Structure formats: C-alpha cells, structure tokens
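Let's take a friendly walk through this protein, from its inside to its charged pairs. Have the sequence and the 3D view ready.

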Amino acid sequence: MVQTDSDSQLQRGDLASDFRLVDIEGAHYTPDSFGDNDAMLVVFTCNHCPYAKAKFAPLNAIAEEYDDCAVVGINPNDADEYPDDSYERMCELVDDGSIDYDAYLRDDDGTVADAYGAVCTPDPFLFRRDDEEWRLAYHGRLDDALNPDDEPSGEPGFEMRRAIDAALSGEDVRLEDNPSRGCSIKWPSA
C-alpha cells in the first residue's frame with residue numbers, strides 16, 4: 001500500500017467512503033451503522049503512536065460529551081511490522097478503558113485509510129448527516145497541541161468541539177482544515 005497524496009484526500013462536501021470493518025467484539029460496522037447520529041467523527045489512529053495516544057483522552061471525552069456525534073477510531077497500521085498495533089492490543093486498550101470511543105475498528109489492509117486520504121495517526125475526519133448520507137464537514141486536528149507533551153491553548157479537543165458544534169447546528173464549519181500531526185500510517189505491505 002502506498003501512502004495517499006493530498007490530491008486524493010476527501011474534500012468538504014464529499015461523501016464518506018464506504019467501509020465494512022470489524023470492532024473489538026467481532027461485530028462489523030459500516031458508516032450506516034452510525035446513522036442514528038447527526039455527526040460522525042472518523043479518526044484514523046493506532047495503539048502505539050505517541051501522538052495518537054496523547055489524543056485518547058480528548059477523543060474519549062468527545063465521545064462521552066456528544067450524544068449525536070459518533071466517535072469512530074480506525075486502526076490501519078501494519079500489525080505484522082508493528083505488533084503494538086495488533087487487533088489483540090486494540091481489544092486490551094478498549095477493555096482497560098484507555099479507548100472509549102463509540103467504536104474502534106480494524107482496517108487490516110489500509111484500504112479505508114487510503115480511500116479517505118488519511119496520512120497520519122491521528123487523522124480526524126468529521127462528517128455531517130445530510131439526506132441520509134455522510135458528507136465531510138471538516139478534516140483537521142483536534143486542537144493546537146501538536147506534540148504529544150504539548151498542552152492545547154484551550155480545552156483538549158477544543159477545535160474539533162467547535163467543528164462538531166457547528167455541524168450539529170447545521171452551520172458550515174468555519175475552521176480552516178488545519179492538518180493533524182502524528183506518526184505516518186504504517187501501510188501494510190502488498
């Protein structure tokens with residue numbers, strides 16, 4: 001798998017790429033699985049990256065705070081080369097409460113991350129439900145704490161919270177699509 005270039009990233013207004021992925025309990029999820037929500041935050045993440053780990057707590061808080069926004073983590077990293085990103089480790093992190101999203105899904109071959117144009121962990125994509133379809137409302141960082149040990153200038157996840165609030169109220173997200181910073185996706189070899 002080759003990392004996607006920015007020209008193939010989803011743009012605002014684009015439909016969410018379809019997927020059918022398994023969670024830590026063996027259940028399969030698609031974007032329509034979250035259709036009872038008005039917004040869906042898809043975050044390409046993993047278990048081992050220090051940047052991704054630094055965002056576990058803010059994402060957990062967003063998942064708890066917003067009843068109408070599903071938080072969906074997707075792990076696309078090569079578990080053969082990076083055993084800490086294995087499905088089994090995903091299960092452990094959910095079981096011990098480190099990750100408490102609405103769903104944590106496994107993208108074994110990286111095709112979903114590629115279809116979305118994800119480039120790092122974490123890489124968040126916020127969708128708004130529009131006429132029974134998921135449309136991209138915002139693609140950008142959670143907040144301005146760009147390094148794992150940095151503190152954000154506001155509440156952790158404050159930029160994404162503003163984007164979610166706008167999406168849930170039917171307004172356009174006025175934030176610029178500031179890229180997230182993290183470890184590169186560890187693409188599975190073909």
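## A buried asparagine

A residue counts as buried when its relative accessible area is under 20%. The model here is a predicted one. With a relative accessible area of 14%, Asn60 is therefore buried. You will find Asn60 in helix H2.

## Helix H2 and its cover

Helix H2 spans residues 56–65, and its buried residues are Phe56, Pro58, Leu59, Asn60, Ile62 and Ala63. Among the elements covering them are strands E3 (39–44) and E4 (69–75), along with helices H1 (50–54), H3 (87–95) and H5 (158–168).

In soluble globular proteins, nonpolar side chains tend to be buried together. Here the largest nonpolar core has 27 residues, and Leu41, Leu126, Met160 and Ile164 have the most contacts inside it. Two or more residues come from each of E3, H2, E4, H3, strand E8 (133–139) and H5. The largest share, 5 residues, is given by H5.

## Salt bridges

How many salt bridges does the structure hold? There are 11. In one of them, the side chains of Asp177 and Arg12 meet at 2.5 Å, N to O. Asp177 sits in the loop between H5 and strand E9 (183–184), and Arg12 in the segment before strand E1 (21–23), so this pair ties together parts that are 165 residues apart in sequence. Asp177 is partly exposed at 36% relative accessibility, and Arg12 is partly exposed at 33%.

Arg161 and Glu65 form another salt bridge, with their closest N and O atoms 2.9 Å apart. Because Arg161 belongs to helix H5 and Glu65 to helix H2, the pair ties together parts 96 residues apart in sequence. Arg161 is buried at 6% relative accessibility, whereas Glu65 is partly exposed at 43%. Helix H5 also holds Glu159, whose partner Arg141 is in the loop between E8 and H5; their side chains meet at 2.7 Å, N to O, and both residues are buried. Finally, a network of salt bridges links Asp32, Arg129 and Glu132.

How values were computed. Residues numbered from 1 in each chain as written. Predicted model: local features only at pLDDT ≥ 70, side-chain atom pairs only at ≥ 80, totals over all residues. Heavy atoms only, no water. Buried < 20%, exposed > 50% of the residue type's maximum accessible area, 1.4 Å probe, protein only. Helix = DSSP H or I, 4+ residues; strand = E, 2+ residues; numbered from the N terminus. Contact = heavy atoms within 4.5 Å. Core = buried A, V, L, I, M, F, W, Y, C linked by side-chain atoms within 4.5 Å. Salt bridge = Lys/Arg side-chain N within 4 Å of Asp/Glu carboxyl O.
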